[in-house]
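Hi everyone, thanks for making the time this morning. I'd like to walk you through a structure, starting where two chains meet and then turning to one of them on its own. Here it is on the screen.

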Amino acid sequence: MSENDQEIQHPAPFPRYADTSLIRGKFADTIQEIIEAIGEITLVVRREGLIELMTFLRDEPSLRFDYLSDIGGLDLGEFASPRFAVAYQLYSLDLNHRLRVKVFLEEDDAHLPTLWNVWKTSNWLEREIFDMFGIVFDNHPDLRRILMPADYEGYPLRKDFPIKGY
Amino acid sequence: MQPKEIVVPTSSISMLRRPDPLADTQMTVSLGPQHPSTHGVLRLELVLDGETVVNAIPDIGYLHTGIEKTMEKEKWQQVVTITCRMDYLNSMGNDLGYCLAVEKLMGVEVPKRAQDLRVLLTELNRLSSHLVWFGTHAMDLGAMTAFFYAFTERERILDIFECVSGARLHQSYFIIGGVRWDIPENFPALVRDLLDRFRNFLDECRRLVTGNRIFQRRTKGVGVISKKDAIDWGLSGPTIRGSGVNWDVRKAEPYSGYDTYDFRVPVYHDGDVWSRYLVRMDEMEESVKICYEALDRLKGSGSVMADHPKLNLPERDLMKQHIDVMIHHFLLASEGFTVPIGEVYQSIESARGELGYYVVSDGAERPYRVRVRAPSYVNLSALPAMVEGQLLADVVAVIGSIDIVLGDVDR
């Protein structure tokens, strides 16, 4: 590998990514970190106050994240602390910008409030994360396994789950 | 609950005057997983009151193959062979989304010719995917002939895929950094021949199905979802554009040079099965337009692979002269290449909607995590909202109109 490819030239970020200056001060307790990398913005937030933050992001006229694209789970490994991360990909249909909100969770306290009342999309997306990672979404209207059989044991996308299954 | 009596004309035989045991009771019917109109292995638990759907509970996972888990064990470049197996009708689009995500992580610029090829082939794939939808959707509603017309035409598109990549369904033709190899000589002629026929073929389809009164009455006003609900449920693709939302990832966040193509995004406002049907039919015409333009740009020649030391094997002559080049070749072939640490979310417009890849790299030669935002999965989650209060027979029409692929839903 050549040594001069450390300076990676990324193409200009398109679409525009959201302007986060507005929420920085308003949710100082909830937001832990704002990361800008590879043309994308990630908010690392605490679980407490997540619903308030998301509702604000959805309703604030200058942000208007009316569309929840995706919720992705992430297992950082058996011995990592915090072990899990959940990444929400938000999108604004009107303003055409994106934002990623990330929450880290400890293994023995893998709970998150459901966003069912903010975006209905979260119904199945949260069920899938529960199914694959065992992260529980409190107050979810219908938290059952979705892809795996109802009587299945284990959480397939965790890193300590063997690839051939049990 | 007290059973109701059947009201029969007084002239009828008095023997029939007995209480109907089924009145006022709800019946649960299982639709699928082997039902042909569920387009795969979808099972729906329908709670019915007479013929009206009270509640619908989708039961999925029959086709779950753990693709996201398998991706974590493959090398970066090998993952391309799995992505196309998720949404098997739109395989080129699946490969494209993954390649774009990894290229964004690596900061690789794909050559112009490869981008044009990618656009051409994904649009052809969109055509073939919409043809399967058209045929099966019409067949679900009783129009058998349309199915044969659509599949005959789709066969010609698959022939083109075979000509360019050697495979008909799981092409794996797009790889990180470009496309696998350049097109064969007879490729442009084949595509042009197909496109020249295609407009006429679409007119034929419109005459066959669009003007059909039975088809219109089965679809107009059925499975309505409002603009607000469509956004709230996260619908995407033709399904949301049938509800009046003008959103196409190709226009909103252009990739592979889509911003340089001249095309229109068809939008209809009624939010019913009929609107979604019209959106897809118009979309096919726009795809043909894009294909023509991409085909014109493919004249001449050029590189189809990014000039990046990690993505290309070194030249054979150099390899025989220099030991370091030899080592580089050996490492690339045996261990693969690494991708810088980071995470990206890249979405594209697949034939079904927003297909997103959330790729996380820890700097190793395999992806740490690839999360796929499958458009069918999210679209299907809104199905109960669409079919509640509809007739049982209309459920089939609604399933057809959101055009799910169960491989994409279950992954």
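Let's begin at the interface, where 52 residues of chain B are in contact with 53 residues of chain A. Please keep in mind as we go that this is a predicted model.

How much area is buried between chain B and chain A? The figure comes to about 4,400 Å², and carbon and sulfur atoms give 57% of that. As you know, the accessible area lost when the parts come together is often how the size of an interface is given.

Charges take part here as well: the count between chain B and chain A is 10 salt bridges.

Now for chain B by itself. Its C-alpha atoms fill a box of roughly 105 × 45 × 35 Å along the principal axes. In secondary structure, chain B has 17 helices and eight strands.

What share of the residues in chain B is buried? That would be 61% of the 411 residues. Looking at contacts in chain B with a separation of 6 or more, 69% come from residues 24 or more positions apart.

Note on methods. Residues are numbered from 1 along each chain as its sequence is written. Chains are lettered from A and ligands numbered from 1 in the order in which they are written. This is a predicted model: local features need pLDDT of at least 70, side-chain atom pairs count only at pLDDT 80 or more; totals for chains, interfaces and linings use all residues. Side-chain values use heavy atoms; hydrogens and water are left out. Helices (H or I, at least four residues) and strands (E, at least two) are DSSP runs, numbered from the N terminus. Buried means under 20% relative accessible area, exposed over 50%, partly exposed in between (1.4 Å probe, protein chains only). Contact means heavy atoms within 4.5 Å. Buried area is the accessible area (1.4 Å probe) that two parts lose on being put together, summed over both. A salt bridge is a side-chain nitrogen of Lys or Arg within 4 Å of a carboxyl oxygen of Asp or Glu.
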